[in-house]
Amino acid sequence: MFSELNLSPSIIKSVNRMGFEEATPIQAKTIPLSLQGKDIIGQAQTGTGKTAAFGIPLIEKLDIKNPNVQGIIIAPTRELAIQVSEELYKIGYDARARVLAVYGGQDIQRQIKALKKNPHIIVGTPGRILDHIKRRTLKLDKVQTLILDEADEMLNMGFIDDIEAILSSVPEERQTLLFSATMPDPIRRIAERFMKNPELVRVKAKEMTVPLIEQYYVKVHEREKFDVLSRLIDVQSPELAIVFGRTKRRVDELANALNLRGYMAEGIHGDLSQAKRLSVLRKFKEGKVDVLVATDVAARGLDISGVTHVYNYDIPQDPESYVHRIGRTGRAGKEGMAITFVSPREMGYLKIVEQTTKKRMNPMRPPTWDEAFEGQQRLSMERISETVKEGNLEEYMTVAKELLSEHDPVEVTAAVLKLLTKEPDKTAVHITEERPLPMKKDRDNNQKSYSRRGKSSSNSHSHNYSNRKPRRSGKRSEGYNK
Ligand SMILES: Nc1ncnc2c1ncn2[C@@H]1O[C@H](COP(=O)(O)OP(=O)(O)OP(=O)(O)O)[C@@H](O)[C@H]1O
Ligand SMILES: [Mg+2]
């Protein structure tokens, strides 16, 4: 219960308004420690309320009359920074906490103006925070609490230099909190260097993934993936689905191809303008887009209710990415389904993922065209049944009776079904084939990459675990360059 956590009435009021009744396990464990001022590494499954776990004590400890920035939260993507700032705004609503998000792609003058209004808490992406530090439009010398959301990601190569630069303008005497659903040991060791006797809080769970997510894999050749995806969507009729692809090109092609086959899909990745990224996400949240096709830019932290299915069109290169991707469904006690496509040559990656998550994925057979067709008919059937249940059909009765006097009732119904049903589409589409990931044997070899610090400029990581390019090419990138 939140009432047992010694929180101010204003926070209890806000949290109640948010509909939270009981503290989640990670909240119950870390809030008291955080209030005592301890440094914490908090690890708990996706969708279990880590944001409020660091947000509630942060707001509780604010001195509202003090105009300085007292807390800073760093997040890996712009969308996540915005979302976290919104959740903190809600938690701090009755306490009158001022929370500001600063992120790349948004007009910097506007941010500078907002920074002059003395926010208590800043939530931002590393690049833009550094930009403001350099311009002296953001002063962090009175910061008491620094939080890294998605900490392992923030300390991975590509972000570590920025994080260290930000750390150097925050007082040594501070509380440091790290949260993520994943925390590989090598990264944890890096983290401990700039923390003081951190308390490692892990919510005990048999598996790293959420038990409410049903996990499947489909063994499928690259060139058959798209038909399998279309059929799966037809059979499963997700409320909202996210399809993860490996590259930006793949995301663009998949979104186009899905539209060609009559689905409402849009893509999101790092090459789109910020305005476009936000509008795609907004449409998805509002249900105007049913399928969000995304790179890993959308894998971490995003909390979108109604996401029932996650499809990994390409198996992710590292197990952590898998955990976060599928964690976009099955949040806050809801159920979800995750389906991962694996090409025959990539089966080794499946093993690595399973070893890390300690959870087996069940094999799933690709649906046939007939099954997809039946799935679509069942969807129409549900719509008809719902409409019958809702009633209000008086105005249609006369003509309905006339129809039935002339035709066989089963045939009339079949005709209605035919009109309503979207037949599985075979429209030809073009998806460029991706090369399979390099062969993998076991994870032990792969872990080495974590010892490679972001500082080093060597490019000798082609065989390592994460096998991805440093995200910063030339100029500093803001959030993911994905
Ligand atoms: N105590 C609570 N009771 C009910 N709902 C909660 C509670 N705490 C948080 N939530 C809600 O649960 C959802 C998931 O929370 P949140 O986004 O913080 O998860 P997370 O652990 O950070 O996940 P991820 O690892 O994916 O970032 C949010 O919609 C949040 O508002
Ligand atoms: Mg989170």
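Reader: What makes two strands a pair?
Author: Two strands pair if DSSP finds at least two bridges between them. This model is predicted.

Reader: How do you know that β12 and β13 pair?
Author: There are 4 bridges between β12 (residues 307–312) and β13 (residues 336–342). The cut-off is at least two, so they count as a pair. The two strands run parallel.

Reader: Which residue of β13 stands opposite Asn-312?
Author: Thr-340 does.

Reader: What is the order of the strands in the open sheet?
Author: The order is β10-β11-β9-β12-β13-β8-β14, 7 strands with parallel pairing.

Reader: Why are β10 and β14 called edge strands?
Author: Each of them, β10 (265–268) and β14 (362–363), pairs on one side only.

Reader: Which strands does helix α13 touch?
Author: Helix α13 (residues 319–326) packs on the sheet and touches β8 (213–219), β9, β12 and β13. Its direction makes about 150° with that of β12.

Reader: And where does helix α11 lie?
Author: Helix α11 (residues 248–260) lies across β9 (240–244), β10 and β11 (291–294). It runs at about 170° to β10.

Reader: How is the protein chain divided?
Author: Into domain 1 (2–207) and domain 2 (209–368 + 424–467). The contact takes 28 residues from each of domain 1 and domain 2.

Reader: Which helix supplies the largest share of the side of domain 1 that touches domain 2?
Author: α4 does, with 4 residues. By class, that side of domain 1 has 10 nonpolar, 9 polar and 9 charged residues.

How values were computed. Residues numbered from 1 in each chain as written. Chains lettered and ligands numbered in written order. Predicted model: local features only at pLDDT ≥ 70, side-chain atom pairs only at ≥ 80, totals over all residues. Domains from an automatic or database assignment. Contact = placed C-beta atoms within 7 Å. Nonpolar A, V, L, I, M, F, W, Y, C, P; charged D, E, K, R; others polar. Axes fitted to C-alpha atoms, helices over the stretch in contact; angles between N-to-C directions.
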